[in-house]
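Dear colleague,

I am passing on the structure we spoke about, and below it you will find my notes on what came out of it. Please read them with the model open beside you.

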Number of protein chains: 4
Amino acid sequence: MINTQDELPKHPLKLERVGIKNLKTLIRIDRNHKEYRHIPRINIFMDLEEDKKGVHMSRFIESITEILEDEVQMNHKSLEQIGKHILEKLKIKHSYLSAEIEFQSEIPIYELTPVSKKDTIEVHDIKVKLNNNNGSWIKVLEASVIGNTACPHALAVNKKGTHIQRAVGTLRIETDFDNEIDLEEMVNVIENSFSAKVYTLLKTEDESFVVDKMYENPFFVEDVCRNILSISSKKFKRSKIHAECLSHESIHRHDVFAEGAVET
Amino acid sequence: MINTQDELPKHPLKLERVGIKNLKTLIRIDRNHKEYRHIPRINIFMDLEEDKKGVHMSRFIESITEILEDEVQMNHKSLEQIGKHILEKLKIKHSYLSAEIEFQSEIPIYELTPVSKKDTIEVHDIKVKLNNNNGSWIKVLEASVIGNTACPHALAVNKKGTHIQRAVGTLRIETDFDNEIDLEEMVNVIENSFSAKVYTLLKTEDESFVVDKMYENPFFVEDVCRNILSISSKKFKRSKIHAECLSHESIHRHDVFAEGAVET
Amino acid sequence: MINTQDELPKHPLKLERVGIKNLKTLIRIDRNHKEYRHIPRINIFMDLEEDKKGVHMSRFIESITEILEDEVQMNHKSLEQIGKHILEKLKIKHSYLSAEIEFQSEIPIYELTPVSKKDTIEVHDIKVKLNNNNGSWIKVLEASVIGNTACPHALAVNKKGTHIQRAVGTLRIETDFDNEIDLEEMVNVIENSFSAKVYTLLKTEDESFVVDKMYENPFFVEDVCRNILSISSKKFKRSKIHAECLSHESIHRHDVFAEGAVET
Amino acid sequence: MINTQDELPKHPLKLERVGIKNLKTLIRIDRNHKEYRHIPRINIFMDLEEDKKGVHMSRFIESITEILEDEVQMNHKSLEQIGKHILEKLKIKHSYLSAEIEFQSEIPIYELTPVSKKDTIEVHDIKVKLNNNNGSWIKVLEASVIGNTACPHALAVNKKGTHIQRAVGTLRIETDFDNEIDLEEMVNVIENSFSAKVYTLLKTEDESFVVDKMYENPFFVEDVCRNILSISSKKFKRSKIHAECLSHESIHRHDVFAEGAVET
């Protein structure tokens with residue numbers, strides 16, 4: 001049996017991350033008595049010692065596949081929990097000091113429109129990352145949500161109105177594996193940090209509600225970013241909190257951006 | 001000498017387009033007494049008869065390379081002219097009935113800000129396509145320009161203001177090779193079809209000018225699309241004119257879109 | 001009640017497509033006794049007469065939302081069927097002559113690895129489009145599948161071996177609404193047209209199987225494209241069949257491409 | 001004069017990065033007696049104190065615009081030098097503690113094909129970043145180059161050959177502003193780390209040369225990554241060196257990846 005991977009490499013250098021990027025598979029989650037299905041984009045890496053030429057790539061996939069099969073019986077409740085099981089399985093198949101797995105996916109949330117109270121489904125981008133560093137587990141949860149900014153400077157200066165635009169708010173939380181944080185609550189924090197929350201369905205009366213709200217809450221990207229940080233720091237304890245807002249300016253070809261962090 | 005390409009294919013089927021996608025190279029143009037440089041993304045295709053297994057891919061690249069070298073001496077004036085020379089050179093190297101080449105690139109335009117009259121450079125996406133069908137030449141010019149839409153319905157309904165957003169207008173013109181049309185003029189038509197034209201640099205007085213203009217010209221994507229069609233049909237003769245407007249709604253997660261065509 | 005959309009436009013021009021792009025929602029399908037869930041990217045358009053300023057955008061969303069709610073009771077079996085119901089509902093809410101809806105999504109397929117017979121899940125990109133033109137229905141199904149090409153010319157010329165690369169095959173079928181065609185069968189046709197079919201999980205013995213297969217089936221992109229056309233034309237009747245192959249060359253920075261069509 | 005930006009924010013939190021993303025402009029460089037033109041994507045940020053509501057975004061653009069105009073007279077020689085001048089100009093217009101600017105662009109390199117010695121132009125992605133932290137300057141140079149990997153494990157196991165694929169190598173160097181490092185030399189290091197260097201133009205004899213080279217240098221992504229680190233550490237002194245290799249596997253749908261770092 002030929003094991004090229006276990007040979008000595010020409011340059012004996014330790015590598016921080018070796019593994020797989022952009023793998024897609026089907027994952028079922030049973031969370032809060034609802035079944036969720038994800039087709040995430042998965043990145044999975046481990047470190048590689050200086051005396052091994054390569055990792056055994058198929059063992060990553062086997063760890064994922066075997067855990068996903070077990071899950072059908074085991075009824076797991078979150079992407080981070082499946083991620084932890086995959087990295088534990090990988091540790092048995094392939095020795096490492098540090099390893100990580102990241103899931104990029106989407107979550108659909110059922111909502112009511114603000115005035116007409118009609119049903120609407122809102123879909124948001126999320127990332128869930130698990131890191132095992134020498135046995136200690138860190139998780140990183142991220143949500144990116146679309147909203148808007150109405151410029152307070154132009155509103156103060158102009159008689160007719162201000163410029164308004166689509167913006168994307170991002171909240172990333174790094175915390176202990178056991179610190180339970182809902183992605184839906186993170187989405188909620190970001191939505192409440194914009195000039196106005198947006199909806200897929202808006203009847204005329206809903207649209208007026210959203211437009212009025214934008215004029216009542218004129219925000220720079222800096223304001224949105226600080227809003228996310230401020231609300232998050234009250235809600236999410238024992239966490240490193242990172243926030244961003246990117247605004248697709250309606251008066252420019254470029255975007256404006258703000259980024260900050262707090263620790264709780 | 002082995003010529004696998006000239007063998008009979010297993011399935012004797014004619015193919016419409018065979019060639020190269022996403023090739024990047026450096027091109028110099030001498031247009032209106034200014035030197036332009038492009039690093040375009042190039043697609044180049046020809047048809048393939050049912051009795052040939054494959055095209056000789058390297059002849060596409062040779063045609064491009066040799067023409068680009070000639071151009072240094074020959075001082076050509078447009079991407080469409082270089083494209084024509086490349087397809088003519090290709091015809092000598094590799095028999096075809098129909099062939100096409102497309103350049104995707106950007107053009108920088110020097111402008112003045114609307115009130116403060118400061119210098120600003122605006123960069124726009126363009127495409128130039130040449131088609132040789134059995135000896136007859138068609139060119140297709142396209143420009144995509146960023147601007148904005150201010151919703152006329154919300155403006156009529158709401159007291160406080162309306163929703164405004166970044167939008168992208170696209171104008172595509174299909175015409176004879178000899179019908180001279182400036183990409184800059186196409187950009188100009190699109191910019192004049194939005195609620196307001198946008199700028200990279202805006203001092204406070206310029207920003208007020210742009211915001212006022214948006215409120216004075218509330219447009220749906222349908223209006224922007226029809227504006228492009230209407231202005232173009234007066235300017236560009238003997239052409240198939242296609243227009244699109246895509247608006248990144250500030251009150252929704254999705255985009256709204258309009259598309260139409262006229263012939264002159 | 002103000003209805004800006006029903007006013008006369010400044011330029012009385014008919015528009016071919018007006019509507020919504022890049023809308024995301026959650027869709028459940030009951031197909032072959034299995035439940036599928038999609039979070040598709042949806043485009044939905046209708047034509048607009050020359051005497052109407054705009055369409056009522058919220059009626060698109062309402063049509064989608066109401067059909068998705070009905071579906072829970074009605075237990076539908078395909079994206080094309082839901083699409084048909086959405087366009088029929090839209091016709092009641094908003095008069096049109098022609099309309100279309102497109103879903104871009106993914107399908108997971110359970111497979112066994114070729115030699116070790118282990119479970120593996122393979123995820124493929126699909127598009128489903130429905131077109132209602134004055135009451136007549138056309139559907140367009142598309143699958144894009146990853147495989148590879150091993151160059152037959154380099155294999156014939158070189159002693160050591162040939163160049164091999166990842167390639168993407170695309171099959172698009174335009175047919176009557178009632179002509180039942182499985183997306184899984186389309187994926188299968190594309191996979192069998194490559195030098196070798198690829199897998200997410202491959203143990204050493206499976207990897208050898210795939211590598212051997214590539215050397216036994218050296219194909220140009222032209223061959224892959226013709227293979228797709230040839231196999232499809234036997235399987236899928238009363239159809240316009242379009243095939244493409246794009247190969248991410250391992251010896252170049254650019255891609256090579258072939259495209260063809262047949263009618264059955 | 002209303003200065004909303006200088007008001008107190010609702011939440012007095014310091015922000016790490018506030019500024020502009022995805023700005024495009026035209027830049028001319030005079031380097032090694034050749035004129036280079038870039039249309040880079042520019043990101044430019046500064047920190048924001050906790051007692052200021054916002055930054056003055058137009059001052060970023062003015063700093064860029066004014067420096068680009070000066071440059072015409074001043075004849076500068078690199079993106080990092082222009083970046084330094086922009087951040088110095090910004091410091092005069094808008095107080096900050098830390099600021100950074102990043103240019104994402106492309107460089108064309110003239111080469112000869114390996115055997116037939118024909119002219120070919122190769123275009124590579126680059127990034128240049130300047131960081132001013134309280135007066136101390138750091139620059140980060142990055143190049144991403146396309147090449148390939150031929151799997152050494154499959155070559156050892158299989159009789160017929162191995163799997164080969166397109167790969168992307170990335171080299172990032174963080175160093176003092178005054179440490180002169182050529183982007184072209186960085187590209188060269190990456191190209192020499194692959195199984196074989198690739199070319200836009202290849203005649204049959206060149207193609208054989210490249211195919212042979214791949215079989216003579218079978219490399220995992222781990223090998224390519226270590227090759228980049230090893231060669232770089234000899235060439236580039238007083239630097240933090242980071243290397244990556246991403247391989248678009250021809251036998252899988254996913255990519256494989258390796259990442260490492262050394263300091264010199």
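**A loop residue in chain B**

Asp51(B) sits in the loop that runs between strand E4 (41–48) and helix H1 (57–74) of chain B. Please keep in mind throughout that this is a predicted model. Is Asp51(B) buried or exposed? With 11 other C-beta atoms within 10 Å, Asp51(B) counts as exposed, because the cut-off for that class is 12 or fewer. Leaving aside residues up to four places away in sequence, Asp51(B) touches Leu8(B) and Pro12(B). Ser95(B) lies 44 residues from Asp51(B) along the chain, and the C-alpha atoms of these two residues are separated by 13 Å.

**Helix H2 of chain B**

The buried residues of H2(B) are Leu79(B), Glu80(B), Ile82(B), Gly83(B), His85(B), Ile86(B), Leu87(B) and Leu90(B), so each of them has 20 or more other C-beta atoms within 10 Å of its own. As background for reading such a list, an α-helix has 3.6 residues a turn, so residues three or four places apart point the same way.

**How the chains are related and where they meet**

Chain A is superposed on chain B, with an RMSD of 0.0 Å, by a rotation of 180 degrees with 0.0 Å of shift along its axis. That is the relation of a two-fold axis. Of the interface residues of chain A, 100% are also interface residues in chain B, so the copies meet through the same surface.

As for the contact itself, 31 residues of chain A are in contact with 31 residues of chain B. On the side of chain A that touches chain B, at least two residues each come from strand E7 (136–150), helix H3 (152–157), strand E8 (164–176) and helix H5 (204–216) of chain A. H5(A) gives the most to that side, with seven residues.

With best wishes

Terms used. Residues are numbered from 1 along each chain as its sequence is written. Chains are lettered from A and ligands numbered from 1 in the order in which they are written. This is a predicted model: local features need pLDDT of at least 70, side-chain atom pairs count only at pLDDT 80 or more; totals for chains, interfaces and linings use all residues. Copies are superposed by least squares on the C-alpha atoms of residues with pLDDT of at least 70 in both. Two residues are in contact if their C-beta atoms, placed from the backbone, lie within 7 Å. Helices (H or I, at least four residues) and strands (E, at least two) are DSSP runs, numbered from the N terminus.
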